[in-house]
Amino acid sequence: MSTRDLVLAALFAAIIVALGLIPPIMLGFIAVPITAQSLGVMLAGVVLGAKRGGFAVLLVLLLVAIGLPVLSGGRGGLATFASPTAGYLVGWCFAAIVTGYLSERFVDRSQSGIVQIAGFFLAALLGGVVVDHALGILYLAYGMGTGLSTAFMGDLAFIPGDVLKALIAAFAGRAVMVGYPLLPQRV
């Protein structure tokens, strides 16, 4: 990776951490909070692409692992990777990579604005919502022993907010594409 790529990845890691300053919203029926940090994961994929976006999220997860309180609610440390949120946290990395990969494939500088927004939205929806939620549900079901149907039903409460986050990421991706395109283009 070039110095520019490392700086961009660090910048988006800082954005993800900064979004963790927004207090989490706890739901009474599931031990996973609603946070703004998943928006940062989607933004990293949409704006930076698969490689740099995935690296940005890996950097955040490394900060969590060494014990820094960078997650929403001031959480951090290795114990977080054994908590009910672990599947979602690990899913962030895959979500950023998939979102970035799909953004690189769906969006081109020559497209109209509405097509770019639609491409970014679809990429963020598939990567940031479907992939992350699938891994989160699987860990809740099997790692925490809640059962697949219970984990799936509890996860449904997060879908509307994450769809809204995907839409915000799509508009932000389009704005960056217009002003200062960072997304690697397909060859």
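Me: Which residues in helix 1 meet helix 3?
Reply: This is a predicted model. On the helix 1 side, the residues are Arg-4, Asp-5, Leu-6, Leu-8, Ala-9, Ala-10, Phe-12, Ala-13, Ile-16 and Val-17. Across from them in helix 3 sit Arg-52, Phe-55, Ala-56, Val-57, Leu-59, Val-60 and Leu-63.

Me: At what angle do the axes of helix 1 and helix 3 cross?
Reply: Roughly 55°, and the axes come within 8 Å. Helix 3 covers residues 50-65. That angle makes helix 1 oblique to helix 3.

Me: Is that crossing right-handed or left-handed?
Reply: Helix 1 passes helix 3 in a right-handed crossing.

Me: Back to Asp-5. What does its side chain meet in a salt bridge?
Reply: Arg-52, at 3.2 Å from N to O. Arg-52 belongs to helix 3 and Asp-5 to helix 1, so the pair ties together parts 47 residues apart in sequence.

Me: How many salt bridges does a search of the whole structure find?
Reply: Three.

Me: On to helix 2. How far apart are the axes of helix 1 and helix 2?
Reply: They are 7 Å apart, and the packing angle is about 160°. Helix 1 spans residues 3-19 and helix 2 spans residues 37-48. Helix 1 is therefore roughly antiparallel to helix 2. Their crossing is right-handed.

Me: Which residues meet there, between helix 1 and helix 2?
Reply: Helix 1 brings Leu-8, Ala-9, Phe-12, Ile-16, Val-17 and Leu-19. Helix 2 brings Gln-37, Leu-39, Gly-40, Val-41, Leu-43, Ala-44, Val-47 and Leu-48.

Me: What about helix 3 and helix 4, at what angle do they pack?
Reply: About 165°, with the axes 7 Å apart. Helix 4 runs over residues 86-106. So helix 3 is roughly antiparallel to helix 4. The crossing of this pair is right-handed.

Me: And which residues in helix 4 meet helix 3?
Reply: Leu-89, Trp-92, Cys-93, Ala-96, Ile-97, Gly-100, Tyr-101 and Glu-104. They meet Ala-50, Gly-53, Gly-54, Val-57, Leu-58, Val-60 and Leu-61 in helix 3.

Me: Surface now. Which residues make the nonpolar patch?
Reply: Leu-164, Leu-167, Ile-168 and Phe-171. The patch is about 360 Å².

Me: Where is Leu-164 found?
Reply: In helix 7, residues 159-179.

How values were computed: Residues are numbered from 1 along each chain as its sequence is written. This is a predicted model: local features need pLDDT of at least 70, side-chain atom pairs count only at pLDDT 80 or more; totals for chains, interfaces and linings use all residues. Side-chain values use heavy atoms; hydrogens and water are left out. Patches are made of residues with over 30% relative accessible area and no salt bridge: like charges are joined within 9 Å, nonpolar side chains (Val, Leu, Ile, Met, Phe, Trp, Tyr) within 5 Å. Accessible areas come from the Shrake-Rupley method with a 1.4 Å probe; for residues, only the protein chains shown count as cover. A salt bridge is a side-chain nitrogen of Lys or Arg within 4 Å of a carboxyl oxygen of Asp or Glu. Helices (H or I, at least four residues) and strands (E, at least two) are DSSP runs, numbered from the N terminus. Axes are lines fitted to C-alpha atoms, for helices over the stretch in contact, and angles run from 0 to 180 degrees between N-to-C directions. Angles under 35 degrees count as roughly parallel, over 145 as roughly antiparallel, 65 to 115 as roughly perpendicular and the rest as oblique. A crossing is left-handed if the near helix is turned anticlockwise from the far one by less than a right angle, and right-handed if clockwise. Contact means heavy atoms within 4.5 Å.
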